[in-house]
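Let us read a protein model together, one feature at a time.

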Amino acid sequence: MTSPNAPRPVCIIGLGLIGGSLLRDLAAAGYSVYGYNRSTSGARSARKAGFDVSDDLDDTLRKANDDAAIIVLAVPMGAVSGILDRVVELAPRCGITDVVSVKGPVYDEIRRHGLERRYVGGHPMAGTQFSGWRASKEGLFVRAAWVITYDYAAECEERGERTPQEWIDLFSDVTRMIVRVKAEAVPARVANHDMAVARVSHLPHVIASALSVVGDHGGIMAQSLAAGSFKDATRVAATDPALQRAMCESNAASLVVALDDFIHQLNQARDALDSDEPNIAELIEFGHRTRTRLEARSGARKESVSPVKISSRPVLRLHPGGPHWVRQLAQTEDIGGRIEIF
């Protein structure tokens, strides 16, 4: 088992905002970390900044295999299958995790490649509207929820089988990696993750794009008067359209359910306004209460200079492979808690 004092090397495939920020943070934390970037100019920029980065995928994977490294897939969903093809051939000794914003399609590809016992899924809930290596920075993940999946262990338990030690070790190493970049490891099953992020991550992109179009339909005057509320609500529409499409289209089934809920809320508001006595108090008041609860859960405290975030996620100190540990993960998921490894 990898010692927490000598962390397993990490190889990051894809060095955009998330992959590049992870590379920076892990290097700062003392990890042996290196990566691959498809963009030659991006790889060159990363090397100039002092990082071990190549634009040769096969050479990078061979190095990862020599190190028995953890491979982090930080590429768009459409690139996952092709990368896994090369991992199967060139890096049979490596564990695999990812930072893709949907988990179901990734897990489908993992199973199609026969890699279940070498994979622990991940998704950091952090980012900006910017992309590429130049957008990456240290500290992006501080206090962010970072989902870590455990479907394979749950499936083993459901079959009455013991989870292989190699998977338990990988789960432990990925959890430690998350904690080392100051994020919070939140366990979730793949399907539950995708349903949740459809509502709080993917739906906002659809809404932001639609709201941008509606504002534009108001003409020059509306655009001239657009201020904080409009700009805040449409910020993520500035994200690279290809990235937005990839996340939304790959989670279409869950997103449709969230869209139906949202459209229902809008239709109710429209009907309430289109009456002799317009009144949307119910929606406004309920929205205010739910937003207040969200702020309380996030642990943001207004101070005189800046907000300080204090985690409100209950913590489970987990002994992977111990008695009832998968059940403990499920219980922690139910309350939106976080885990640490001891």
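Q: How many helices and strands are there in the protein chain?
A: Begin with secondary structure. This is a predicted model. Its protein chain has 14 helices and 12 strands.

Q: What is the radius of gyration of the protein chain, and what would a compact globule have?
A: Compare the value with the rule for a globule. A compact globule of 342 residues would have a radius of gyration near 20 Å, and the protein chain has 21 Å, so the two agree. The box filled by its C-alpha atoms is roughly 70 × 50 × 45 Å along the principal axes.

Q: What share of the residues in the protein chain is buried?
A: Buried here means under 20% relative accessible area. Of the 342 residues, 44% are buried. Turn to the surface next. The accessible surface of the chain is about 17,700 Å², and carbon and sulfur atoms hold 53% of that.

Q: What part of the contacts joins residues 24 or more positions apart?
A: Look at separation along the chain. Among contacts with a separation of 6 or more, 69% are between residues 24 or more positions apart. For a pair of residues, take Ala29 and Arg180. They are 151 residues apart along the chain, yet their C-alpha atoms are separated by 6.8 Å.

Q: Which phi value does Ala68 have?
A: Phi of Ala68 is near 50°, a positive value, and Ala68 is not a glycine. The loop between helix H3 (57–67) and strand E4 (70–73) holds Ala68. Ala68 counts as buried because its relative accessibility is 18%.

Q: How many cavities of 30 Å³ or more does the structure hold?
A: Count first, then ask about volume. The structure holds one such cavity. The largest cavity has about 30 Å³ of space.

Q: Which residues line the largest cavity?
A: List the lining, then sort it by type. The lining is Tyr107, Tyr119, Val120, Gly121, Thr149, Tyr150, Asp151, Tyr152 and Trp167. Six of these lining residues are nonpolar, two are polar and one is charged.

Definitions and conventions:
Residues are numbered from 1 along each chain as its sequence is written. This is a predicted model: local features need pLDDT of at least 70, side-chain atom pairs count only at pLDDT 80 or more; totals for chains, interfaces and linings use all residues. Side-chain values use heavy atoms; hydrogens and water are left out. On a 1 Å grid over the protein atoms alone, a cavity is a set of points where a 1.4 Å probe fits but cannot get out, and a pocket is an open set with protein on both sides within 12 Å along at least five of seven lines; lining residues have an atom within 4 Å of a point. Grid points are joined across faces, edges and corners, and a volume is the space filled by probe spheres set on the points. Ala, Val, Leu, Ile, Met, Phe, Trp, Tyr, Cys and Pro count as nonpolar, Asp, Glu, Lys and Arg as charged, and the others, Gly among them, as polar. Helices (H or I, at least four residues) and strands (E, at least two) are DSSP runs, numbered from the N terminus. The radius of gyration is taken over C-alpha atoms; the globule rule is 2.2 Å times the number of residues to the power 0.38. Buried means under 20% relative accessible area, exposed over 50%, partly exposed in between (1.4 Å probe, protein chains only). Contact means heavy atoms within 4.5 Å. Accessible areas come from the Shrake-Rupley method with a 1.4 Å probe; for residues, only the protein chains shown count as cover.
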